[in-house]
Amino acid sequence: MTTIAEPRSRATRKTSRTNAEMIGWIFMRASGVLLIVLIFGHLITNLITDGGVHAIDFGFVAGKWAQPIWQVWDLLMLWLAMVHGTNGVRTIINDYAERAGTRLVLKSLLYLAAVVIVVLGTLVIFTFNPCPPGAPADLLPSFCTA
Amino acid sequence: MTATQEAPQQLGEVPSFEVHLKIRRYLPPETDGAAPYGAPAPQAEAYWQDFTVRVHGTDRVLDALHKVKWEQDGTLTFRRSCAHGVCGSDAMRINGRNRLACKTLLKDLDPSKPITIEPIKGLQVIKDLVVDMEPFFASYREVMPFLVTAGNAPTRERLQSPEQRARYDDTTKCILCACCTSSCPVFWNDGQYFGPAAIVNAHRFIFDSRDSAAAQRLEILNDKEGVWRCRTTFNCTDACPRGIEVTKAIAEVKRAMITRAY
C-alpha cells in the first residue's frame, strides 16, 4: 500500500521580510529619471555650450568646480550613477550567477569597486584645488591670482 | 431553406502532409529499487530523436506526438490529459517557445522545417517531455491560492458587482500549465523566484473584493525572490496559452505593494 506524500514546500528558499527589494526597485526608477536630467545637463554644458568639447581643459573643470552648484550637481551625479549602476549590476549577478560562491565573489568585487569610486570621487570634488601653486598661469582658471 | 442544403454535398478534403519532428529524449538510468519521489535522480544523457509522421492540416502537435507514440515508438513519454487546452498538462517547448501541444496547430509551425519539441525549461526532467512540477506547485501553494475571509460566513452568496469581478478576471484564467514560469529567464537561473504563475494566482485573490488576506499575500511576494525579481521581459505574457497578460498582473501586484507601503 502506498500513501500519498505530504505536500512539500520548498525548504531552500530563504525568506526575507523586508522592503529592501521594493526600495531598490523604486530607487532605480527615481534615480534613473533624475540621472537623465543630470547627465544631459552635464553633456550640454560640457560639450555644446561655451566652445563645446574643445574648450575643456584644466581651467574649464577647475572653474566649474569652484561653483557650489556644479559641485552639488556632479556629486549627485556621481552618487546616483554609482548606486544605480551598482544595484543594476547586483541584480544582473543575481540573475546570471548560479552558484552562491560565484555570487559572493562577484558582489564583493562590485561593492569594493563602488565604494572606492564613490569615496575617491567625493574626495576629489570637495578637496579640489583650482589654483595649485606653481602651475603655469595660462592653464588655470581666470580667477586664480598667482 | 438554409445555405447548407443548397450547397453541393462535397466537403473540402482536409489536406495532409508530412512533418518532421525533432524530439528531445531523456531516459533516466536504471536504479536499484525505486528512489523516493523528489530525490535527485542519477543523470543520463539527453539526445534528439527524429520522427516523420503524416498528419492532417487540422492536426495539432499533440496529435503528431500521439501518432509517434502509438505507431512508431511507444516509449515516448509526455503528459496530456484533456487534450483541449484546459487541464494544462502538455506544456512543452515547441520550436523554442513554450506552448500547449494540444493548442498548437502543426500547419502554423511551418511544416517544411523540422519541429523541435523539448521539455519546458527550469524544472528537472523526469523522462522525455515529463518534468518534475513540484517546485512550481510549491511556489503556487506559498501564495495561499484560496479564499480567505474574515468574520462569520454569510447565510447566502458573497455578493460581488460585475466591476469587482472584472478587476481580477484576467488572472482567473490560469490553468497552471507552467508555460509562463518555465519561460522566465529569472526562474531558469536558480529556480528560487516565485515565478509568474504564482504571482498571477496571488493576483487573482489580492484583487478579489471578497478576500481579506491581500496584505498577507503581498507580504509573501515582497520577498527578495518575489515580484521585485521580475525583469519585465514579457516571456510569460508571450507564453501564456490562455492569453493572460501576466506581466501586467505582476506590475499590478508591484503597484499594490508600493501603495500599501506609502
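Modeller: Happy to! One idea first: two residues are in contact if their C-beta atoms, placed from the backbone, lie within 7 Å. Please keep in mind, too, that this is a predicted model.

Let's start with the sheet. In chain B, 5 strands form an open sheet, and their order is β2-β1-β5-β3-β4, with mixed pairing. The edges are β2 (47-56) and β4 of chain B, each of which pairs on one side only. From one strand to the next, the twist averages 35 degrees. Helix α2 (residues 61-72) of chain B packs on this sheet, where it touches β1, β2, β3 and β5 of chain B. The direction of α2 makes about 105 degrees with that of β2(B).

Now let's follow some of the pairings. Strand β1 (residues 16-25) of chain B runs parallel to strand β5 (residues 115-118) of chain B, and 3 bridges link the two. Here B:Ile23 has B:Ile117 in β5(B) as its bridge partner. On to β3(B) and β5(B): they pair in the antiparallel sense over 2 bridges, and B:Arg93 stands opposite B:Glu118 in β5(B).

Strand β3 (residues 91-94) of chain B also pairs with strand β4 (residues 97-100) of chain B, in the antiparallel sense and over 4 bridges. Along this pair, B:Ala91 has B:Leu100 as its bridge partner in β4(B), and B:Met92 stands opposite B:Arg99. β3(B) and β4(B) form a hairpin with 2 residues between them. In the turn, B:Asn95 has a positive phi of about 50 degrees.

What about the nonpolar core? In soluble globular proteins, nonpolar side chains tend to be buried together. The largest nonpolar core in this model has 64 residues, and B:Ala178, B:Ala197, B:Ile199 and B:Val253 are those with the most contacts inside it. Helix α6 (residues 196-206) of chain B gives the largest share of this core, 7 residues. Take B:Ala197 as an example: leaving aside neighbours within four places in sequence, B:Ala197 is in contact with B:Phe136, B:Tyr140, B:Cys174, B:Leu176, B:Ala178, B:Cys180 and B:Thr181.

Finally, chain B has a partner. In all, 20 residues of chain B are in contact with 17 residues of chain A. On the chain B side, α3 (134-142), α5 (185-190) and α9 (246-261) each give two or more residues, and α3(B) gives the most, with 5 residues. By class, that side has 8 nonpolar, 4 polar and 8 charged residues.

Notes: Residues are numbered from 1 along each chain as its sequence is written. Chains are lettered from A and ligands numbered from 1 in the order in which they are written. This is a predicted model: local features need pLDDT of at least 70, side-chain atom pairs count only at pLDDT 80 or more; totals for chains, interfaces and linings use all residues. Ala, Val, Leu, Ile, Met, Phe, Trp, Tyr, Cys and Pro count as nonpolar, Asp, Glu, Lys and Arg as charged, and the others, Gly among them, as polar. Two strands pair if DSSP finds at least two bridges between them. A nonpolar core is a set of buried Ala, Val, Leu, Ile, Met, Phe, Trp, Tyr and Cys residues joined through C-beta atoms within 7 Å. A residue is buried if 20 or more other C-beta atoms lie within 10 Å of its own, exposed if 12 or fewer, and partly exposed in between; C-beta atoms are placed from the backbone. Axes are lines fitted to C-alpha atoms, for helices over the stretch in contact, and angles run from 0 to 180 degrees between N-to-C directions.
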